[in-house]
Amino acid sequence: MTQDPERVGAASGRVPPMAPAPRHKLRDYFAIDDHAGAVAFAQSFAGRVLLVLLFAVALAAAKEKWLPMSLAAAAAACAYLPQYRTAVIATATFGALGFGPFWYGLTAIEQAMKQEQITQPTAQHIGYVALFAFFASALAGLELVRRHKTTFVARRPVVALLVGVVGLTVLAATSVLQGLAQVALWAFLNVFTAYIWFLAYALVDQRSRDRSSHLLQLGAFHPFWGSTSTPYGKGAAFLRKTMAKTPQQLAVTQIKGLKLLAWSIVLLYVQKFLTWLLVDELKLPSVRDFQALHAGSHSFSIALGWGSLIWAVTAGALSLAIVGHQVVAVARFAGFRLPRNTCRPLECRTLVEFWNRYYFYFKELLVEFFFMPTFLRTFRNYPRLRVFAATFMAAGVGNATYHFIRDIDVVATMGLWNAVLSFDGYLFYCFMLATGICVSQLRVNLGVKPSDTLLGRLRSFLCVWGFFVSMHVFGDDARIYTLPERLSFMATLFGVN
């Protein structure tokens, strides 16, 4: 905290010399967490009540399908009752599974039930049984690794998990099992892949002397503050590291969480306005619409095609920022000083910087489970090649592995071989992304810095975002078009028929 010079001078009996008024950035006016009076009030009973009410109101404005008061209450209980923090996290997380939709695996389960001609029990009931079976298996795995640190699972937890996914996927795709057993296998596989990276963090944490209890480990699996297949907040080890230790740290963290939630609401309405303007009013077609025109040998406006690409990337960035801000805001209100998931990506000057700013927790996952193992074990006598190989393993191989596992339900609907073939566009995207990041990192290591001039900043912005806009043709989730068709569509956007 900085002290007011006038207060210091009055206390010492001296009048400080006049100084020019400092120039403030716009964000300085909203730096409530730097104001000593606001932080002190937030530590009082009245301040805490006001913070909880404001946070619940903000959640109601940001989340339409959630119970904002319950979420705010769970976060407040986690923050203000530290002796019961583990129980609160576990109860709120498991409670969210009961009240929220079974958002992963239902499509694959229903497809498997249709193929096996099974109507009862329901897909959701089968999913919950699979969920229970997974948590039981995860608990057994954590205990195994804790007791036997020389086993393969303990030494290579990520490799062991990936081998398990491959084995279960092949078994499910080849239909060795029949009937309800086949459906149950698909259900377990989909739950397993939805939680695989959470379990990976938990298994790695078993090596720590101060590891968290199994209850907290399981409570951090898709925690109540939210996440995607990427663990926002990583695992229990990172939560321990970022936990607010003093009432002052807690107050500052909660104020920052409230501010971040407010900013997510601003971005939400910016996104709604742009959607209304570009899609509803100006009727801008989607990228898939233009791809369909191209596939049907119909001509289209190249300018509109690029406009659609730019809007798709912009909308995706806004959605990622909005969801990430809301998730981190709730975690901060619960007392965890988590970094933002998306932090000012428009300021990126290089692809490496963009990689760090755009999707922080996804980048952290790839660094921990793909970059570091490669960096520690390969090309030790060749530093530059070592970094290049580790970066390519993370941004390329790890990226592709993550997304194929995330969409494992495609195997149930398309079959294993067709699912692999339909992944060629994203594999190309991962290759280009990894190559671009490796080259950018190499330039940074060689001391090549972007120009600080206005023109230089503009050029950096256009290069970084132009790269990602162009790559969106290959990096979207649609598996309708093959890589040659996507390359042909990209050529058309550049005027090459």
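Cys463 is exposed, with a relative accessible area of 52% (exposed means over 50%, buried under 20%, and partly exposed in between, using a 1.4 Å probe and protein chains only). The model is predicted, so local features need pLDDT of at least 70 and side-chain atom pairs count only at pLDDT 80 or more, while totals for chains, interfaces and linings use all residues. Residues are numbered from 1 along each chain as its sequence is written, and side-chain values use heavy atoms, with hydrogens and water left out.

**Cysteines**

- The structure holds 0 disulfides, a disulfide being a pair of cysteine sulfur atoms within 2.5 Å.
- Cys463 is in no disulfide, and its nearest cysteine sulfur, that of Cys348, is 13 Å away.
- Cys438 is in no disulfide either; the sulfur of Cys430 is the nearest cysteine sulfur, 12 Å away.
- Cys438 counts as buried, at 3% relative accessibility.

**Helix 22**

- Helix 22 covers residues 454-475; helices (H or I, at least four residues) and strands (E, at least two) are DSSP runs, numbered from the N terminus.
- The end C-alpha atoms of helix 22 are 31 Å apart, which agrees with the 32 Å that its 22 residues should span at 1.5 Å a residue.
- That expected span is 1.5 Å times one less than the number of residues in the helix.
- Buried residues of helix 22 include Gly456, Ser460, Trp465, Phe468, Met471 and Gly475.
- Among the elements that cover the buried residues of helix 22 are helix 14 (287-295), helix 15 (302-333) and helix 21 (424-445).

**Leu284**

- Leu284 lies in the loop between helix 13 (247-281) and helix 14.
- Leu284 is buried, with a relative accessible area of 16%.
- Leaving aside residues up to four places away in sequence, Leu284 touches Leu278, Val279, Leu304, Gly307, Ser308 and Trp311; contact means heavy atoms within 4.5 Å.
- From Leu284 to Ser175 the separation is 109 residues in sequence and 44 Å in space, C-alpha to C-alpha.

**Helix 16 and helix 17**

- Two packed helices are described by the angle between their axes and the distance between the axes.
- Helix 16 and helix 17 (residues 360-377) pack at an angle of about 110°, with axes 5 Å apart.
- Axes are lines fitted to C-alpha atoms, for helices over the stretch in contact, and angles run from 0 to 180 degrees between N-to-C directions.
- Helix 16 and helix 17 are therefore roughly perpendicular (65 to 115 degrees; under 35 is roughly parallel, over 145 roughly antiparallel, and the rest oblique).
- Trp355, Asn356 and Tyr358 of helix 16 meet Phe360, Phe362, Lys363 and Leu366 of helix 17.
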